[in-house]
Amino acid sequence: MNPIRTTSLFAALVLCACAGQEPVGPPPPGGGLNPCGGGATPVVVSLPVGGVAVLSDRAAIGCAELAAADGGVGKFLVVAANADTAPDNKPDFVLADSSVSITFANVTGQRSGALTQRGAGPELSSAMAQLEAGASVSAEARLRAMERRVLRLGDRRSLRGAAQLQRSTGVLGQVSAQSTPTTGDTLSYKVPDAKSDNACEDFTQVRAVVKAVGQHGILVQDVNSPAGGFSSADFTAIADEFDKVIYTADTVHFGSPLDIDNNGHVVLLYTPIVNAITERGSGSVTEGFFFGGDLFPVSQCKQSNGAEIFYLIVPDPDAKFSDKREAASVRENTRGTIAHEFQHMINLSVRIRNDVPDETTWLNEGLSHFAEELVGRKVRGFNDTQELAIADVADQLNGLKDFNAFFGQNLVRFRNWLRAPGDIGATSEHADTSLAVRGASWALLRWSADQYAKGNVAAFTRALVAGPESGVRNLTARAGVAFDSLMAGWMVANFADNNGITGINDRYTYISWNIRNVETAVNQGDGFPLVVTSLAQDQSLNGTAPSAGGSYFQLTTSSGSRTIIGQLDSAGGAATYTGARLYILRIE
């Protein structure tokens, strides 16, 4: 894993309320930075309410004058963003005015009234308490990293070996009655050790009993599972939901899995080995995982079951293998896990079939979190782009809680990113371990699908899985626009969506979510979580702009004076780091 790369560049976004006519004068005494230093002529940014300007030219970034198009006082959002396509470049900057004294202010988020509509009461608070802990990403992070290292997923020769296994053992979609087990059969599987550095070498042989066979899924349970687990009716219900909802939604949106065991089914193996991954007393839990080694021949991975399979926790009411897990909670919590891990299986399957390198972690994880949402929409009868508010997704908090299973975790992860958008970006290589990155990746994908799928989200997401590009190049190729365009639209939308701004273009909103509504709700009484720092005269503020992220600021132009801003380096010149951008929205 690569650490976050921090550049040595110092930059400053400077505000100057300057009287008089252009050009702007030299820097003030006392060492303060001044935009347009040396008498440069500012680039005038004149906006109507709801208007947006994207500054990428170095001269404009270092020397811009904000003006209200109607000549009045204006309130503006300024996003100091980083549109660098390379991940984890994180230059620092300081917001300052041109006064002699340089001071630093605390960064605080906006606060708005508490949500009072239905679906946001005590029941939501209870659900949020469960979501705060969240599912563990540590085991999955190790497995994804292990896949890249051990299976050499970036090596096309390795993928060709897996593709050869598919061609030699099965034909996609062709079911062999002889290879499809029946309820009550006992089968043998090799469960990879998720804590190992090489799960292809370290695994446990288990025997499992077939509990249900559906049209697309085979549910099997480890014979060592503790008593008090799922009933026959539970297994039947799980198989039915997999067939009719999860399998359908995931294959429509992402593509088809391989069928190397030639039985037309995916195996869902419930085993206490997964329970044991989670340390007792841990604040999070590993609910299940997919391991790509199962899609490779044994010659490349000894653990391989030569089958499409993922591994899930079992109910453990007596806490035999880890903490206590009741059947109802395991059933609820693994619904989204199945949708998530199935996307990973499909993603690798498609790339093996197409003989192209694997997807980058941030986009692969973003797609799996998108899968959770898309399955949830199918469960609740919503279409792929229907605008959802908190009342739509959190009004059924009894029994099988769809909010917890499919929607809540994405909203909580994104809330965590909104609280510190300058800390880490949506395309970070730390998506394997950072829930905030995963939330931002999901939101960037969600917004991109809203804006560029042309009404067909499934076609858009299937194209992303197919590649052949990966990462930022994949997303921009499917959207058909530059990354800078994606960043500008998404970063502004995170503030502007459903914010009552007159004249805002739909490009700067989410179509599928009322983001301000749902994120205010999951922020539980602390208002909308996006941190926006107010910038006044005689004030200087710290900030950072990681790749695919940035810091948000708000300022008001003064009557009778000119408002000059600039993002500068330590010498007073315009910032030159790769990806430096200013996105400016007139709010009022």
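**Reading strands, helices and rings**

Visitor: Which residue in β12 is the bridge partner of Phe290?

Guide: Phe310 in β12 is the bridge partner of Phe290. Strands here are DSSP runs (E, at least two residues; helices are H or I, at least four), numbered from the N terminus. Before we go on, this is a predicted model: local features need pLDDT of at least 70, side-chain atom pairs count only at pLDDT 80 or more, and totals for chains, interfaces and linings use all residues. Residues are numbered from 1 along each chain as its sequence is written, and side-chain values use heavy atoms, leaving out hydrogens and water.

Visitor: How many bridges join β11 to β12?

Guide: Two strands pair if DSSP finds at least two bridges between them. Three bridges join β11 to β12 (residues 309-312), and the two run antiparallel. They belong to an open, mixed sheet of six strands, in the order β7-β8-β9-β10-β12-β11. β7 (186-192) and β11 (288-290) are at the edges with a single partner strand each, so one side of each has no neighbour in the sheet.

Visitor: What is the order of the open sheet of five strands?

Guide: That order is β3-β17-β5-β15-β13, again with mixed pairing.

Visitor: How do I read α7 and α10, and where do their axes come within 8 Å?

Guide: Axes are lines fitted to C-alpha atoms, for helices over the stretch in contact, and angles run from 0 to 180 degrees between N-to-C directions. The axes of α7 (residues 327-354) and α10 (residues 402-418) come within 8 Å and cross at roughly 35°. In contact terms (heavy atoms within 4.5 Å), Glu332, Arg335 and Gly336 of α7 meet Asp402, Asn404, Ala405 and Phe406 of α10.

Visitor: Which residues form one aromatic cluster?

Guide: Rings of Phe, Tyr and Trp (its six-membered ring) pair if their centres lie within 6.5 Å; planes under 30 degrees apart count as stacked, over 60 as edge-to-face and the rest as tilted. The count comes to 14 aromatic pairs. One cluster is formed by Phe407, Phe414, Trp417, Trp442, Trp490 and Trp513.

Visitor: Which ring has Arg516 over its face?

Guide: A charge sits over a ring if NZ of Lys or CZ of Arg is within 6 Å of the ring centre and within 35 degrees of the ring normal. Arg516 lies over the face of Phe528, 4.0 Å from the ring centre. Lys190 lies over the face of Phe203, at 5.7 Å from the ring centre.
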